[in-house]
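Trainee: Please take one part of this model and go through it closely. I would like a single connected account.

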Amino acid sequence: MTLNDFYSILPAVILIFSALVLLLADLWLSKHTKVVTPMLAVLGLIASIAASILFTGNVENGFGGFILVDGFSRFLVPLFAVTGIFAIGMAYDYLTRMGIQRGEYYSLLLFSVSGMMLMASAGDLVIIFLSLELLSIPLYILSGFAAPKAHSEESALKYFLLGTFASGFFLFGAAFLFGAAATTNLNGIVEAVTSGSANSTFLIIGSGLLLAGFSFKVAAVPFHGWTPDVYHGAPAPVSAFMSVGAKAAGFAVLIRVFSLIFPSLAEQYTPIFWGLAALTMLVGNVVAIAQINLKRMLAYSSIAHAGYILMAFVPFGDAAIRANSVASALFYLAGYALGSLGAWAVVIGMEKEDNQGTEINDLAGLGKRSPLMAAAMTVFMLSFTGIPLTLGFWGKFYLFRTAIEGGFISLAVIGLLTSLVSAFYYLRVVVKMYFQEGDSKFHWNFWTAAVAVFSALVIVVLSFIPGSLFDLAVKALLTGS
Amino acid sequence: MSLNPLLLTIAFPLAGVVVMLLLKAKWKNAIRWTALLTSLVTFGLSLWMLSQFNSASPDLQFEINQAWFSLGGNPIGFHIGVDGISILMVLLTTFLTPLAILSTWKAVDEKVKSFMAFFLLLEVGMLGVFLSLDMVLFYIFWEFTLIPMYFLIGLWGGERRVYAAVKFFLYTMAGSVLMLAGILWIGLQYGSFNLTQLVGSGMIPAAAQLWLFGAFGLAFAIKVPMFPLHSWLPDAHTEAPTAGSVILAGVLLKMGAYGFLRFNLPLFPDASIQFAPWMAGLAVVGIIYGALVAYRQKDVKKLVAYSSISHLGFVVLGIFALNLQGLQGAILQMVNHGLSTGALFLVVGMLYERRHTRLLENFGGLWKVVPVMGTLALITMLSSVGLPGLNGFVGEFTILLGAFGSEAIGSPWFAGVATLGVILAAVYLFHMFQKLFLGPVIHEENQKLKDVSVREILILAPILLLAFWIGLYPKPFFMLMAPAVEKLTTIIQSAALLAQ
């Protein structure tokens, strides 16, 4: 193992190391010093961000192509770490209130984040599978963290069953790809495809199974059924973390694998992605209208946003647009991540014992009682809708631009019209908070509120200077593409 | 760089918002004065802009083109400028805003701070719409105006305010999403969002113009609103607080008409010529329909709202006459409608503050009780009817003249039927005036109404003075817009010649 190999996985290694330290340290902490565990976890995440910025600059790959370090992973690794920090920030008070303050939460979270980081830089199907499990298994446990509460157990079981299905699909697909190309290395598969030595039937079956597996992870229709139940039942900070981290990791690997194999299969897959994107946008947004529970609404909204991101991926077969396609998906992901984490932070402040207090009706009067939180929530809703002066607007702007650039005007129009549909249910939240009287209360906690306010500020401030984030996203090119 | 009047005008209300945020919410009067002074200074700045403006030039002036950032090779710029058309809209905005703020002095007593902040933000948004020369910047300002207006209706509106606010938001957004698709397509196809590069370049082929005209036109037609896309307007106007209705009718609707002038006509001249009879047809239907429905209203505010649909029909008819007279009349009528309908809403608001009802049947005979208000209301109404000597007449007359001779519309019948609208306007507005002010005092409560206060006279007097000015001596207004309008007609004529 060379030093470069080590650097290539350093961010994930730091997290795994801190997770192990946390497990040990937690045993020695008394009830009154519980706050030390999350602080150590945050330190680990910050160190991980620092490592990814400081040490991966000159590294291109590690372990002979098992790990790829490129602009793509350099964009996503810090994003995952920040998601982890936010998920800790909003969890501490929540876990205490719900009586489930246990140190394992933080170590499991760190394990999961390290899995996401490896997933974003995986260059081999085996590594993808290992990181998929590394990110998923802690999440299964975290979903059931409020056990023996029935809703949490239900959530964990559903997520586990469907998650293993997804893993199964992936493995099966990977086996076919290995059969087709006689290698599990992504670049090796590409070479086999371009040289024509790969068995094309196996290739198509394998990539199709892979797509099904990834679609579960990103919650694309028709593989989305688990999302509302799992998000609703799991402890809210875990749902927040899943809705951003797991989705982003799913997209990371989807984009990486298909961007490499896609060019040769564009003819077959473009219509499939087109349909997947259109269906996901339509179903996610239309079903969200009928939701009366905030968590379920956010779940369907997260499905809808997966559809928008998929839209960026449709013109991928076109080499001229590929850079914009990746960049717009990543840019959108960043904006979505901030909005989703912030919105979940508000939900966490609203939630009472036994999963109560999260109906949309429970928001009535929030504008009067907690003006700051209501204002932040308004920013998230407007950003999700894509109204200007939020990051969400630029995200959609760039996505639709990519779709139109690729000649998929009708898909862009579907996206625009479903945005209009989404305005209806996002506005309902604003209506409840400001235009109706009620006695809703935000359970004030500095860190939970800080997550919401910080996200809202970033969403608004960056919308005035989106150029720097655009540049970052544009640099996020994949190696080999 | 010397001081740019546009930048100052657009940024000054923001400074007011910042000052206001520092004030405590309970210092209501301090907040009101801050808002009023801010809007007055903004008006002053726009007058300074006018004094520096070279009205003989058809070009855009005081242009700022500051690179903002670029996306996939498309630069997006903070690009603003003003010409003879937009300067009138800017002046209308800055003129009506302080008056609208003054009208809320007593009417808005709850959450004054947020109200005034939203109001000034709305002003920024509207000014931005009229000054933007970059399509993306325009879209940002266009969508941004939704947010403050949504809250103004939703928080300070009448009984059905939530319904009205959401309907307003969704209708407007429905139009603008397709406009965004159009903007993106143009940007990708021609590599620029810069309006000055695209206008008159003849780059956009006639076939593409057709659907682009539709994509942009839908957004503007909803905003104007044109029949049959008008149904958000009566709700929004009726439920909005008085000041909101004044700005909604006075300025926001003009954004739609202005959009036609700034985008559809110069960017898609071929499509404009082709669609002109259809647009004129819808405009005429709107004129007659709005007038007929207005006559049957029991709620004064709804009546005025439907009269807006009718009056805006004239504006659209003038625009799609596509000749000098029609366009000049339409632009002047945009100003006129802002003044007259704004004033009508103010009068209705004054009545509502006194009686807390807007139903015609609850009034009657007010002339004897409140003679000064009656006089002011009469002049306002006459200006809206289009009595010669007042502003409405000049605008409508010029529009009809343009529409009669319009080659693009192709038939004098459109203007002929529209003329009926002038008569109908007299019918429903006189009917309204009669129900409110004439006859005996039926209701006991109306006996003790107070006549207008000095503040209320101060609100209405400037509007009515302007109404007389435009009515008696409209030449300076026509002079101001003439070069820019001539430039616009040249673009359309050259497109028509090429097509033949």
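Mentor: In H6(B), Leu146(B), Met149(B), Tyr150(B), Ile153(B) and Gly154(B) meet a set of residues in H7(B), among them Arg161(B), Ala165(B), Phe168(B), Phe169(B) and Met173(B). Contact here means C-beta atoms, placed from the backbone, within 7 Å; helices are DSSP runs of H or I with at least four residues, strands are E runs of at least two, and both are numbered from the N terminus. By class, the contact of H6(B) with H7(B) has ten nonpolar, two polar and one charged residues (Ala, Val, Leu, Ile, Met, Phe, Trp, Tyr, Cys and Pro count as nonpolar, Asp, Glu, Lys and Arg as charged, the others, Gly among them, as polar).

The model is predicted: local features need pLDDT of at least 70 and side-chain atom pairs 80 or more, while totals for chains, interfaces and linings use all residues. Residues are numbered from 1 along each chain as its sequence is written, with chains lettered from A and ligands numbered from 1 in the order written.

The axes of H6(B) and H7(B) lie 8 Å apart, at an angle of about 160 degrees (lines fitted to C-alpha atoms, for helices over the stretch in contact, with angles from 0 to 180 degrees between N-to-C directions). H6(B) is therefore roughly antiparallel to H7(B), a label for angles over 145 degrees, with under 35 roughly parallel, 65 to 115 roughly perpendicular and the rest oblique.

Key:
Contact = placed C-beta atoms within 7 Å.
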